[in-house]
Amino acid sequence: MITVTFMNNSSDNNVVDKVLSTVSSADCALKDPTEMVNPVLRVASDVITSGVNYCYIPSLGRYYFVRNKRQVSAGIVEVDLHVDVLMSFKESIRQATALVEVTGNAVNPYIESDIWTPDVRRTTHVKKF
């Protein structure tokens with residue numbers, strides 16, 4: 001049995017600092033076999049409410065999105081989870097440094113790169129007066 005804190009996430013999934021409100025905390029069983037990225041919990045059905053869409057598992061040290069809830073028996077619900085990498089590793093992400101050369105269509109003209117070439121065409125503007 002592991003302790004899980006169930007929450008409501010009102011932020012977008014691609015935000016590092018999410019706005020969370022705790023709904024409940026309960027002891028749950030991990031379905032065997034399970035994985036770290038997509039675990040499946042078995043929890044009492046009175047713990048899971050309609051507002052639960054997020055959870056934290058301290059023993060795994062990760063935050064998870066609630067993907068699906070299934071009633072498997074009279075008092076047991078299976079909850080499919082998916083790891084939230086941004087919240088789980090936000091301290092490591094914030095401490096990382098990088099020099100970004102190319103991002104999408106934006107380029108850094110001060111860094112030489114084989115990926116893009118500068119546009120050297122002349123632009124002529126004709127103004128009537």
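Predicted model: local features only at pLDDT ≥ 70, side-chain atom pairs only at ≥ 80, totals over all residues.
Colleague: How many salt bridges does a search of the whole structure find?
Modeller: Seven. In one of them, the side chains of R94 and D17 meet at 2.4 Å, N to O. That pair links distant parts of the chain, with R94 in helix α2 and D17 in the loop between β1 and β2, 77 residues apart.

Colleague: Are R94 and D17 buried or partly exposed?
Modeller: R94 is partly exposed, at 48% relative accessible area, and D17 is also partly exposed, at 40%.

Colleague: And K18, what does its side chain meet?
Modeller: K18 forms a salt bridge with D84, 2.9 Å from N to O. K18 lies in the loop between β1 and β2, while D84 lies in the loop between β6 and α1. K18 counts as buried at 9% relative accessibility, and D84 counts as buried at 2%.

Colleague: What about R42?
Modeller: The side chain of R42 meets E78 in a salt bridge of 2.7 Å, N to O. R42 is in strand β3 and E78 in strand β6. Shared partners join K31, R42, R70, E78 and D80 into one network of salt bridges.

Colleague: Last one: where is I93, and what does it touch?
Modeller: I93 is in helix α2, residues 90–95. Leaving out residues up to four places away in sequence, I93 touches V85 and L86. At 38% relative accessibility, I93 counts as partly exposed.

Notes
Residues numbered from 1 in each chain as written. Heavy atoms only, no water. Helix = DSSP H or I, 4+ residues; strand = E, 2+ residues; numbered from the N terminus. Buried < 20%, exposed > 50% of the residue type's maximum accessible area, 1.4 Å probe, protein only. Contact = heavy atoms within 4.5 Å. Salt bridge = Lys/Arg side-chain N within 4 Å of Asp/Glu carboxyl O.
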